[in-house]
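Here is a brief report on how the parts of this protein meet. Please look over the sequence and the structure first.

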Number of protein chains: 2
Amino acid sequence: MTIQSVNPRTNEKFGPVIPETTSIELDEIITLSQTSLQIWSTRSPSFRANCLHSIANALEENIEELVKISDLETGLGEIRLTGEIGRTAFQIREFANAIQAGDLIAPLVDSAVELPVPQGHPQFVRTLVPIGIVAVFGASNFPFAFSVLGGDTSSALAAGCSVIVKAHPAHPQTSLRTYEIANKAMVDAGAPKGTLALVHGVESGQMLLRDERVQAGAFTGSKHGGRALFDISTARKNPIPFYGELGSVNPVIVLRSSIADPKVFACAYLDSLLMGNGQFCTNPSVMFIPKDSALSAEIETQIIDRVPSPFLSQATKTLHDKNREDLRVLISPKILSGQGKEGAGFYSAPMIFLSTVEHLLANISALTIECFGPTGLILTYTSISEVIDLVMKMDGALVGSLFGDSDDADAMVAGRALAGKVGRVAWNAWPTGVAVTAGQHHGGPYPASTAPLHTSVGLSAITRFLRPVTFQSLPPVLLNQVAMNLAKS
Amino acid sequence: MTIQSVNPRTNEKFGPVIPETTSIELDEIITLSQTSLQIWSTRSPSFRANCLHSIANALEENIEELVKISDLETGLGEIRLTGEIGRTAFQIREFANAIQAGDLIAPLVDSAVELPVPQGHPQFVRTLVPIGIVAVFGASNFPFAFSVLGGDTSSALAAGCSVIVKAHPAHPQTSLRTYEIANKAMVDAGAPKGTLALVHGVESGQMLLRDERVQAGAFTGSKHGGRALFDISTARKNPIPFYGELGSVNPVIVLRSSIADPKVFACAYLDSLLMGNGQFCTNPSVMFIPKDSALSAEIETQIIDRVPSPFLSQATKTLHDKNREDLRVLISPKILSGQGKEGAGFYSAPMIFLSTVEHLLANISALTIECFGPTGLILTYTSISEVIDLVMKMDGALVGSLFGDSDDADAMVAGRALAGKVGRVAWNAWPTGVAVTAGQHHGGPYPASTAPLHTSVGLSAITRFLRPVTFQSLPPVLLNQVAMNLAKS
């Protein structure tokens, strides 16, 4: 089997034919990764930070080439891709700074207590060691920030793990070039060869995750693909943690108190919904608006002028179109439509389905359908309690937005309902746009995440790849020789 | 189906016949648990701490009755059981103090940064919310510390979760009385009825874990039983975290530099191995000693006088005897044996299998057999590199011990090998005895734990049941109304 780039604007293949990784090649890659791990995991946080800075610099030095090739493969446009590379480099540097600062990996020293048990105990030093080889599965919709050098890779490298990335087939050349650039930068900075590796092909990705030498998996993508990989991780003889972000139907609640200018609000909604052709897991998937709101009429007017952007791939378009049609058949909504586009490229007209909370309460399974693309669902409500009834029946989600005044009595009950379902509650802000910072949480109950205690964005993403080891009464000289991640230098 | 207590010293049934929980009863229990959760989870940490202190006090007030009934059911003896209740009460109070102090549940306030993206971002407040209803599966070998009121239950209650315990069938009366005492104490202290609940029966335990209203599972017990429950948790339509401690074959490495007095050392080894009839997951399962050591001869002399204690149940004895026989057949060791015991009770003679590291390297699967009972394996070695080869091939374990001098060059390599395989490395100390403190880590790679990032003993056990929720730009007044675990009072 082979993989080749496809231009989503034209449905034309281009560039080199890339063979899928064979099982023999995969075995060699994992063997080398294991050897690298023995070295990389014992290097100081400062050393690893330095290598990460080298990668970030190399990424930016090659920005023109990377934007060009990734735009051809993804159709996301040069402005967005330039910004995404900047964000990716920033993220790598933030992880580097975090491990150098040391707070996230600091040992907990628990001094001996000279008392009878249960109060008394010997000295314990709780440290964090790299979990081992991490298998990272790149996403289609962020060819940099959630791909070969995305947050999963850079947080795992920061933790001291070696990483094997399974490239997403929708941007093979971007993946390959990103890998080559990063690998050269790392090796030039002194990292062992094989600390970062790249494989191609669905089957090799599955074999990778099944291999007993691999100790964790990380994934951002579809519910179907992510669940299959989660099932592989948990069915192993020795199951391993699998950090999967499997998609999300995100609720947006618009309170009665919120809309000063329906025209401005409608425009902002459409911008958030249709940015990047709606291919964001933080999309405003389902928006709840008061029944008598002028908003739906305003949106109906504005969407007419909206034009489609290309899907990332034929597969993304096919899945989106199927889900949209399933949703349409299930709830028979009023349909507000934007413009279509002729030609062989991967386009669908932006579309919004209009229905009521009352109707969806009788068709609750409709809210498990994620239309990953330019499709929104707007539900009108008569009371906030009706909205909360529905939200409580939804699956877990990454993010929920709440628009209103803080003295609106409905804000508290709506906020509480959202906090019970999502990983992030945004106030008077659209759900799209995920900052890389200490307080970020990009996760949530399943299917938003297969590991709801953990985040794939923000500094604490590093902790996913660190396993505690406590040393009991170890003499200081020996502790310094044995424990990892102890020193800052 | 019904459950009745069995005296392990005599194999005689006694006491009331306890019916297994029916599916209708279970549904009512879960429904009530969900209602309680809505209240309990929003009560202040101080309120919850107060309820936990009430439980700890009630446990100690009823110590005589509880020791008597649990000794009849488990055969562990009054001294051990009195100590275990003290430890359990201490643990409950430690969790109460931890949430009242607030460090473990403190929100992370990440102030807004007024810069362009990716550096700039709105304010984020990262909070921790109770994950939901927790299903706890009591262990046989700690009728208090790892059972109805064990660390899983008390850490989950501290986190703000409601808890449904599935009682271990080897001590049904102890479970029932402990539950009654704790439930009364909690309700008297103002906790909602149903915050803590108890069910009986294997099938009801499995139904509990399958129920979509349950959000996490916690278990200490056998690899077979734990894996079955792990598989249920991960096969659900919406998988949930399952914190399983599935047993452990713990390595103990005795360096050449370590043994000043073989007589004293042999006695300490046998004490650790045979304490509680060897029914500890932190047992010194396999001990590595230098080939020319006088230790094995000394152990051979001393074990002759050792007498058996009862197994916890017929099932425990049957499983132990089968595993011991499998191990014997597999490695044909030299056998050192203690005394047997006549009669109908559940006893087996203490036994130590003597072999070599070299021989085990050719029979590596033998080291996956956990003989949960009075059985030890001692392997002689010629060089430390041989030991490390073997340790690296072992499964993950809870704890490894290392005996030696700190200037022994072998200590460093042995310590590093252990740190790669276990959750705790003990220096010149036997692995048994697990203090409840901030620096403790009772976990490790599978099968020691199904969740190697987490501990089931020590203060951070609470974090297993807390899910992050980040609030973005939420006005302070609303944040105080919506977020949980914010206030200390």
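## Model and domains

This is a predicted model. Chain A is assigned two domains: domain 1 (2–246 + 449–482) and domain 2 (251–427). Their C-alpha centres lie 33 Å apart.

## Where the domains of chain A meet

In chain A, 18 residues of domain 1 contact 17 residues of domain 2. The area buried between these domains is about 1,300 Å², and carbon and sulfur atoms give 60% of that area. On the domain 1 side, Pro8(A), Asn141(A) and Glu245(A) lose the most area, together 32% of what that side buries.

Between domain 1 and domain 2 of chain A there are two residue pairs in polar contact and zero salt bridges. Strand E1 (2–7) and helix H3 (63–74) of chain A each supply at least two residues of the domain 1 side. That side has six nonpolar, seven polar and five charged residues.

## Where chain A meets chain B

Each chain gives 68 residues to the contact. About 5,500 Å² is buried between chain A and chain B, with 61% from carbon and sulfur atoms. Leu453(A), Arg467(A) and Gln472(A) lose the most area on the chain A side, together 12% of what that side buries.

The interface of chain A and chain B has 38 residue pairs in polar contact. The salt bridge count is zero. E17(A) gives the largest share of the chain A side, seven residues. By class, the chain A side holds 33 nonpolar, 22 polar and 13 charged residues.

## Strand pairing across the chains

E17(A) runs parallel to strand E16 (residues 422–427) of chain B, joined by three bridges. Phe471(A) stands opposite Val425(B) in E16(B).

Terms used: Residues are numbered from 1 along each chain as its sequence is written. Chains are lettered from A and ligands numbered from 1 in the order in which they are written. This is a predicted model: local features need pLDDT of at least 70, side-chain atom pairs count only at pLDDT 80 or more; totals for chains, interfaces and linings use all residues. Side-chain values use heavy atoms; hydrogens and water are left out. Domain bounds come from an automatic or database domain assignment. Contact means heavy atoms within 4.5 Å. Buried area is the accessible area (1.4 Å probe) that two parts lose on being put together, summed over both. A salt bridge is a side-chain nitrogen of Lys or Arg within 4 Å of a carboxyl oxygen of Asp or Glu. A polar contact is a pair of N or O atoms within 3.5 Å; within protein, one must be able to donate a hydrogen and the other to accept it, and residues adjacent in sequence count only if both atoms are side-chain atoms. Helices (H or I, at least four residues) and strands (E, at least two) are DSSP runs, numbered from the N terminus. Ala, Val, Leu, Ile, Met, Phe, Trp, Tyr, Cys and Pro count as nonpolar, Asp, Glu, Lys and Arg as charged, and the others, Gly among them, as polar. Two strands pair if DSSP finds at least two bridges between them.
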